[in-house]
Amino acid sequence: MVQTGTSDLQDRLMDYIQDQTGLPIYADQLNEDNVLNFTVDPPSLDWEEMDRTQHLIYNYSIQARSVQEQPNMLTADAPTAEQLFKNMFKIRDALLQLSYTRALFSQNGSFQFETIEVQAPHDAGQDFTGARNLTLSFAVHVTERH
């Protein structure tokens, strides 16, 4: 896992995914092809209690851009779009288990995991260069005390 200025929640999610799937995950490396990129979307406040406890929803996605279908871009070790898509389903299955196990814990006490909502991986098709763009979106509900 490669981290660049990530939060405790993002770090724990990336560690969990990597531990459960054995797949390498990279933080905010959208310029790289044929890798699984962990991206952060804006969070939202679900509700706040009088004691300043906040119930937040953090939105994340795993994205991959496969250039494997482009003959001039082929490399022997690069996963195909099909393999990246299978990897997305493997990650989805691991994330869905969090709803049951609730085995995601803050390392510095910054959050308490509540639940997770995971969408099915989506193939946006090929872009004008022939690369396929794949996305797996999920929302993590946590409690933070401020």
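This note sets out numbered points on the confidence, helices, core and aromatic contacts of a predicted model.

1. **Basis.** The model is predicted; local features need pLDDT of at least 70, side-chain atom pairs count only at pLDDT 80 or more, and totals for chains, interfaces and linings use all residues. Residues are numbered from 1 along each chain as its sequence is written, and side-chain values use heavy atoms, with hydrogens and water left out.

2. **Confidence.** The protein chain has a mean pLDDT (the predictor's confidence in each residue, from 0 to 100) of 83, and 85% of its residues reach 70 or more. Helices (H or I, at least four residues) and strands (E, at least two) are DSSP runs, numbered from the N terminus. Over residues 1-5 pLDDT stays under 50, and the model has 15 contacts (heavy atoms within 4.5 Å) for them beyond four places in sequence.

3. **Helix H1.** The end C-alpha atoms of H1 are 20 Å apart, in agreement with the 20 Å that its 14 residues should span at 1.5 Å a residue; the expected span is 1.5 Å times one less than the number of residues. H1 is mostly covered, with 10 of its 14 residues buried. Buried means under 20% relative accessible area, exposed over 50% and partly exposed in between (1.4 Å probe, protein chains only). Among the buried residues are Asp8, Asp11, Arg12, Leu13 and Ile17. The buried residues of H1 pack against E1, E2, E3, H2 and E6. Gly22, with a positive phi near 75 degrees, follows the helix.

4. **Nonpolar core.** A nonpolar core is a set of buried Ala, Val, Leu, Ile, Met, Phe, Trp, Tyr and Cys residues joined through side-chain atoms within 4.5 Å. The largest has 31 residues, and those with the most contacts inside it are Leu13, Ile62, Leu95 and Phe138. Two or more residues each come from H1 (8-21), E1 (25-27), E2 (36-48), E3 (53-66), H2, E4 (112-118) and E6 (132-145). The largest share, 6 residues, comes from H2. Leaving aside neighbours within four places in sequence, Ile62 is in contact with residues including Ile17, Leu36, Phe38, Met88, Ile91 and Phe138.

5. Asn87 lies in helix H2 (residues 81-101) and is buried, at a relative accessible area of 11%. Not counting residues up to four places away in sequence, Asn87 touches Leu23 and Leu36. Gln97 also has its place in H2, but counts as partly exposed at 40% relative accessibility. Beyond four places in sequence, Gln97 is in contact with Tyr16 and Arg102. The C-alpha atoms of Gln97 and Gln20 are separated by 9.9 Å, although these residues are 77 apart along the chain.

6. **Aromatic pairs.** The structure holds 5 aromatic pairs. Rings of Phe, Tyr and Trp (its six-membered ring) pair if their centres lie within 6.5 Å; planes under 30 degrees apart count as stacked, over 60 as edge-to-face and the rest as tilted. Tyr58 and Tyr60 are stacked, at 6.4 Å centre to centre and 15 degrees between the planes, and both are buried. The pair of Phe85 and Phe89 is edge-to-face because the ring centres are 5.3 Å apart and the planes stand at 85 degrees. Both lie in H2, 4 residues apart, about one turn of the helix. Phe85 is partly exposed at 26%, as is Phe89 at 34%. Phe38, Tyr58, Tyr60 and Phe138 form one aromatic cluster.
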